Structures are given as C-alpha cells and as structure tokens.
There are 2 protein chains.
Amino acid sequence: MARTVDVAGLVDRAREGQPRAVARLISLVEDAGPELRDVAAALAPHCGNARVVGLTGAPGVGKSTCTSALVKAYRERGERVGVLAVDPSSPFSGGALLGDRVRMGEHTTDPGVFIRSMATRGHLGGLSWATPQALRVLDAAGCDVVLVETVGVGQSEVEVVSLADTAVVLLAPGMGDGIQAAKAGVLEIADVFVVNKADRDGADQTARDLKHAISLGRREREGGLWRPPVVKAVASRGEGVHDVVDAVDAHHAWLVERGELARRRVVRAAREVEAIAVERLRSRFGGLRGGADLETLAESVVAGELDPYAAADRLVEGVGA
Amino acid sequence: MARTVDVAGLVDRAREGQPRAVARLISLVEDAGPELRDVAAALAPHCGNARVVGLTGAPGVGKSTCTSALVKAYRERGERVGVLAVDPSSPFSGGALLGDRVRMGEHTTDPGVFIRSMATRGHLGGLSWATPQALRVLDAAGCDVVLVETVGVGQSEVEVVSLADTAVVLLAPGMGDGIQAAKAGVLEIADVFVVNKADRDGADQTARDLKHAISLGRREREGGLWRPPVVKAVASRGEGVHDVVDAVDAHHAWLVERGELARRRVVRAAREVEAIAVERLRSRFGGLRGGADLETLAESVVAGELDPYAAADRLVEGVGA
C-alpha cells in the first residue's frame, strides 16, 4: 500500500532548491526502496556540476567547526552549498549515534544550504554505497559545492574522502604528530592540509612536521605534481578559512587545467558502480548476513570441517554465479 | 616457474611455533597466491582455540603501547601470543605507511610472540578479507590469545574489532569526551573500556563520562546483560594492565558461560565467508577497478548518459550472475 512517489516532480522541486524535496530524495536513496532506480535515473542528467570537497581527520580536530566555517565562506560568495556528514554508526544497533550537528545551527535556516547526516548503518560498503548517491542528489539540486565530512579516520572513511575532487585533511596541534598523521593513512590522499586550532601551542611545529613529511612522501597520485599546501586556521573564529577556500580553489583549477578532474570523476563513478554491483550480488547470499545457507556454512567453518574458501565456493555456487 | 610450496610442512612447522613458518603462511595468505586454498584447507582443522581480543581507539590514545603491555602480561602467564596490527594504507600507493612497531621491540625476540603488521591495501573489504585469514594462521600456530589492533577509528576498523571475542576500546583524557567516543561509533561495540594515560588531567572525568554514557546506552548486543567495565591504565608504565587482562578474562568467561562465544564465532565466520565470496564475484568485474567494461560504464555515468544502478545492472549481467 505504499504511496506512489512522484519522482520527476520531486527532482524538479529539488532543482528549484526546495529543501524538503532534497531531503525526501536523500531519504529515498538511503532507504533503498522501490523508487531508488527511478530516482537514480531522474538525477543522472543533472549531475556533474558540483565541486566535491572531502574533509577528514582524527576525532577532535574540529571537522564540524571547519565545515561550518567553509559553508559560511561559500555562502558569502553566493554559492549553493551541500553538506554530507557521515556518522559511523554501531554495527549492532544500526542507528546513528550522537552527532554535533548543533554547530551547524547557524546554517539550518539558510535556503542556500543543504545539510544531511548520513548513518553508515554499519554494514560493509555502507559508505561506498549510500554516500555517493546522496551526493548525486545534492549535485542535481544545484549545489555549487558539496562538502563531504567523514567523522573518524578509517579505511572506508579515507576512501570516501579520497574520491572527492579535493581531499582536505585536518590536523590539530597536540592531537598527533607526523607519525599519527601517517598512521591515519591520510598523508597521501590529502590535496590540502589544514592545521586547525592554530592558536594552540605547537601549531607551527605541526605545520613544519607536516611539510617535512610531505617533502619526504612520494606523490604518486595522478598528475604527480600537486604539492598539498599546509594552511593554518582557527575555524571556530573563522581565521584562515578563506585561505582554505583559496587552497581548495587552486587545487580545483589545477585539476581542470590538467584534465584530471574528469579522470578523478570516472574513478569515483567506477567505485560507485562497483559498490552497487557488489551489494546486488551480496543480497543473493540469502538475506545478507541472516541467510540460513551462510549460517550453516559458517557453522561448518567454526567446527573446522570446512575452510572459509571452500565455504565461499559453495556460497557463490548457491547464487548461480 | 613458481616454487612449489610445501604447505603441509609449513603448517606443521608453524604449529611447532617456528616464527618463520608462521610469517610465511601469513604472507601466502596476504598475497592471495595459488597456495592460498591449500593453506586455508590445511589450517581449518587447527583453528578455534585462540581467544581473539580486538583493540581500537582514536589515533594517539596509546593502542600500540597498550598492546605491547598486554603481550607482556599474557607472556607472564606463559601463554603464546599473536598480534595483528592493522595499518590503514593509502588507497593510492597500496603500501603501509609509517608504523610504530618499534614500541613492540621488546617482544620481537621472544619465541612465544608473533607480531604482524597488516597493510589493508586500500581496497574495499581489505580488512574483512585478509585480517581473518591471518588470524587463522596465528590461531592454528597455537596462540592462546591473538590481539588484533586496528589503528584509526572507522567503519571497517570498528567492524574488525567488533568481530573479536572481546572488543577493547581505548580512550585517553583530553582526546575526546563522551560525544567524541560516540562519534567514533565504538560505544556499542565495546566489551571493555580502557581509559589509558590515566595519569593525565581529566582521567576521572573521562571515566565518569564514559560510565554515564554506558548507563544511557541501550545494550542491544547479544546476551544484553554484559555491562562493559571501565578500566584506568597507564600502559606506558604497565599500570592497570593486569586489570585490563582481568576484565578481558571476565568477559571471556561470561561469553563461555552464556554460550555466546560459539555464537559470536559463527557470526565472525559468516562475515569472513561472505567477504571472500564478495571478493570472488568482484574479481569477475574485470580486473577489479581496472576493467575496461567498468571504466566504460563509469564514463557513461560521468557523462550523465547512464545512472549508477543501470550501470551496475550491466556489470552484473557481464559476469553472468
């Protein structure tokens, strides 16, 4: 008895900038309901205009504050801004935990800003699957720039940010030295470094360490010649935020000039398509993790009767692939 | 012209505790070469004895130091200990970055300790796929306990730890308050909390905040009645480490008593089998990310001619699934 959703009408209203239409489309995407395919098809012709800026860094470096300050800066230029804040959620409850979207408060009534927290639902590939679809909604809705903020530093989170047009990595003095940054696996994906909370002791040292690490690190990323700038900021007071915007702009111009923007977007689309295809295949394993076949096979593995590869063979055979 | 590997002989030597045999088996697993299937089959009957303890927390909380201190404590009990340290690596270089395995220095010459850093290779599912296989090697090699340390806090990293028998989550004063812990998505997966660096200002406050958060959080995890203890430690001086060991032991006893240990291991095996099956299917997309078909489809997506779901349909059709 589901209501029929007027997808074309929703997309039209989203493109006019109606926040409720944008929110509804993202919900349809997140819920992966029957309208998902229609939504995706309706969005496709309208995508590709937004500049996608990823922000990441360890907990406590001030990502949300920095995101909020960037929103303000882009709004001052009259641009329409989207924010996707990815909250890791428990693999067990499936729900998003506390957030601090309150810091975004000043933008919630601005019709030129769309803010959305994404729960990752704790399932494998959740980030790679749902986040790009929500991004496409914001893109189609006419956002000039979409900020993708990932909370936490992990394999999936780093990957999401690395697939942005420009990846911004935040650090803070005392939060971690060069080795900590390297541990986070973010040195090589950063296009722009921000040393936030730069009014704290050790900010200059953190910036120096970072520059040193950059000079040592081989830049094997595409193009190979972009040297990520290190920008100091105090996002909570708005200091240095325009320098961050300038650095992001400079990187974007560099991407366009080199023809790298198109290449990077093909990589992003390929990962997106792949993630959807994997989810589709996985769903055939029998109700995701709950399938009786998978459970029976897992029990045999625990009993030492079957190794995991032999069990996977049977699972793949079982889906007729 | 690859040399034939005597897998059965390697497994025998690993079970005798020969470090080189253990290291070689993990390499065979990581490289996913032709011997992988034989290795998996040879290990299967010998797995299931090790207690698996996962450790995670934000960068800088002292995970490696705590892991090292735990190794020492377990060694004092005469147990054979394995350590899997998962280093997020760049999605672009594919290589592990800097580590701080140096802190493990004191254990590197101990024949009762096997330490291995795992690169995650930056590919989707890297953690879920390779880490459990390496764990099986250490398990079959007779480790009484295997510590799985994930550096960073992210969706995949949290998942790996959540699949351990006992998940230990580390925090440190000043590194993050209750909200930061919640952001990291770790509150609900923790079986034991450690407030490390407890000699620092704010340790009591952090412990109190945590206990408060625990009392608020619904424990919907299996069993439902385990209330994660909060242990204070200064791992660098060995203080409180035996309390951590006691808490881990208590949780393990609780799991056994409730019959939850077997259930948790079936869940872990199911995820493991599923991850292998997904990798197998993905490999049919045409050389992972590099396949011509995937790239052509991705170009159509970027051009707005195809939506990602339609592209995924064609990809799945292409593998005959």
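## Aromatic pairs

Over all chains of this predicted model, there are two aromatic pairs. Rings of Phe, Tyr and Trp (its six-membered ring) form a pair if their centres lie within 6.5 Å; planes under 30 degrees apart count as stacked, over 60 as edge-to-face and the rest as tilted. In chain A, the ring centres of A:W226 and A:W254 are 5.6 Å apart and the planes stand at 50°, so this pair is tilted. A:W226 belongs to the loop between α8 (203-216) and β7 (230-232) of chain A, while A:W254 belongs to helix α9 (residues 241-258) of chain A, so the pair ties together parts that are 28 residues apart in sequence. A:W226 is buried, at a relative accessible area of 13%, and A:W254 is buried too, at 10%. Buried means under 20% relative accessible area, exposed over 50% and partly exposed in between (1.4 Å probe, protein chains only).

In chain B, the rings of B:W226 and B:W254 have centres 5.6 Å apart and planes at 50°, so that pair is tilted. B:W226 is in the loop between α8 (203-216) and β7 (230-232) of chain B, and B:W254 is in helix α9 (residues 241-258) of chain B, 28 residues apart. Both B:W226 and B:W254 are buried.

## Helix α10 of chain A with α10 of chain B

Helices (H or I, at least four residues) and strands (E, at least two) are DSSP runs, numbered from the N terminus. The axes of helix α10 (residues 260-283) of chain A and helix α10 (residues 260-283) of chain B come within 10 Å and cross at roughly 125°. Axes are lines fitted to C-alpha atoms, for helices over the stretch in contact, with angles from 0 to 180 degrees between N-to-C directions. That angle makes α10(A) oblique to α10(B). Angles under 35 degrees count as roughly parallel, over 145 as roughly antiparallel, 65 to 115 as roughly perpendicular and the rest as oblique.

The contact (heavy atoms within 4.5 Å) is made by A:E274, A:V278, A:L281 and A:R282 of α10(A) with B:E274, B:V278, B:L281 and B:R282 of α10(B).

## Helix α12 of chain A with α3 of chain B

Helix α12 (residues 308-318) of chain A and helix α3 (residues 36-43) of chain B have axes that come within 8 Å and cross at roughly 110°. The two helices, α12(A) and α3(B), are therefore roughly perpendicular to each other. A:Y309, A:A310 and A:D313 in α12(A) meet B:L36, B:R37 and B:A40 in α3(B).

## Basis of the values

Residues are numbered from 1 along each chain as its sequence is written, and chains are lettered from A and ligands numbered from 1 in the order in which they are written. Local features need pLDDT of at least 70, side-chain atom pairs count only at pLDDT 80 or more, and totals for chains, interfaces and linings use all residues, while side-chain values use heavy atoms, with hydrogens and water left out.
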